[in-house]
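Colleague: Could you take a close look at one part of this model for me? I'd like the cut-offs spelled out as you go.

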Amino acid sequence: DALLGCHRSYRSRPTHGIGKFKYLLPKEVPKKRKEKVQMKEISAGTEYQYGDINIQMTSYDLCLVEHFAQYVHRLCNRLSIQVTESYAMPTKTNEVLYLEERGSKMQLDAVLTTHQRVVQIRGLSSTFAPILLEVIQSSQPEGVHLLMKQHTEADFKSRLKSRPELEELLAEMS
Amino acid sequence: SAAAPRPWRLFGAMCLLRLPRISQPLEKEEEEMVALMEQIELEKSLYSDHEMRKLEEEEQLKRKMESSYDEDEAHGKTVIMAQDLEEKWEQKFLRFKAAPRITDADKSNNRTSLNRKLDSNLMLLVKQKIGNQELWLLPQVEWQPGETLRSTAERAMATFLGDHIQAKVLGNAPYGIYKYKFPRAIRTENNVGAKVFFFKAFLQSSDLSQAELKADCLWVTKKELGDYLKSEYLKKVNRFLLD
């Protein structure tokens, strides 16, 4: 019972608010939610460096794609290439309908899920880039599509969800 | 003012790789690892919709055998049972026949065809005349002043395989260099020796029917390179080949 008894100072008592400390800490500015994308640099010359590069891996098999993405990430860590982000795109589900036209028309369904993982890299020197590409290509597992491309704003926007109500209101306003 | 003529002649050579089409067979440890991982994943995973349906139907069948409860439930059921679906899929799978991994060209060891050794990289070797010797080399062509070394290598590829080759050259930087001095008889002040710069390219399409073969060419793997190339040349070439 001694544990349960809580001595909370009531509001009229002089000891009200005795345990407060947050007013002593420095004030934190609340962070803005949306991040600005434009982080790209290409320095031309003998040390030609690529800006942000996306390595996109797509496949139907989830475990394979995840393990391959992990392998690529670790490889870049070992080769001291800066990996800015490593994320997954939402999975797409495809229904395969099968129209058999012998006798009775039957529709056999198959449900395929397509998974995509993206590893974003920065600061790749152009002398090293083809070697990296070759290493990744030679260790590509079966059934995995590989795509290396430069990061654009459209790629960033594709990760965000569109808000139809906001767009409607904006259209009404302007 | 013109720079003093250098004593080295420059060549650009192209190493054209045909990428493997199939994965290589796994080693013993890799196979054991794969089996272990599959078992772990199977035990960790949850039942899918199909398997749940199958289990429910099995239970219902069992209950039907014992007593005739589920007459009402059976009416709402679909005609196709999960077990039938599985059997249908099994039959379809058995009917599917995969393409053979070892092709005809492998059996006959025909080194001029591209269908050989589908699980490893194949490189192009061409017979060229250097000095008064006929040697097997990677296709090379002399560098003309005013063009980049990469375009020299592309020209080398075009002279031996024709113009319509879909190959992707990797980068502007050479992968390796081989330099040799001419024998004393031919050596002059301006012509001490030659330097060959190697570039790499990936063959995109495997259709070479449009290619005009100007000289004998072979497609060889890294291990078979030793049969054709000279030892010094081979050493430098092996430095930049991944396998």
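Modeller: Chain B exposes about 16800 Å², with 52% supplied by carbon and sulfur atoms (Shrake-Rupley accessible areas, 1.4 Å probe; for residues, only the protein chains shown count as cover). Quick housekeeping: this is a predicted model, where local features need pLDDT of at least 70 and side-chain atom pairs count only at pLDDT 80 or more, while totals for chains, interfaces and linings use all residues. Residues are numbered from 1 along each chain as its sequence is written, chains are lettered from A and ligands numbered from 1 in the order written, and side-chain values use heavy atoms, leaving out hydrogens and water.

Back to chain B: of its 243 residues, 31% are buried, meaning under 20% relative accessible area, with exposed being over 50% and partly exposed in between (1.4 Å probe, protein chains only). As for its fold, chain B has eight helices and eight strands; these are DSSP runs numbered from the N terminus, H or I of at least four residues for helices and E of at least two for strands. Now the contacts, which are heavy atoms within 4.5 Å. Among those in chain B with a separation of 6 or more, 71% come from residues 24 or more positions apart.

For a residue-level view, hop over to chain A. A:D155 sits in helix α3, residues 153–159, and counts as buried because its relative accessibility is 12%. Leaving out residues up to four places away in sequence, A:D155 touches A:N54, A:K149 and A:Q150. A:L24, by contrast, counts as exposed because its relative accessibility is 63%, and its place is in the segment before β1 (49–50).
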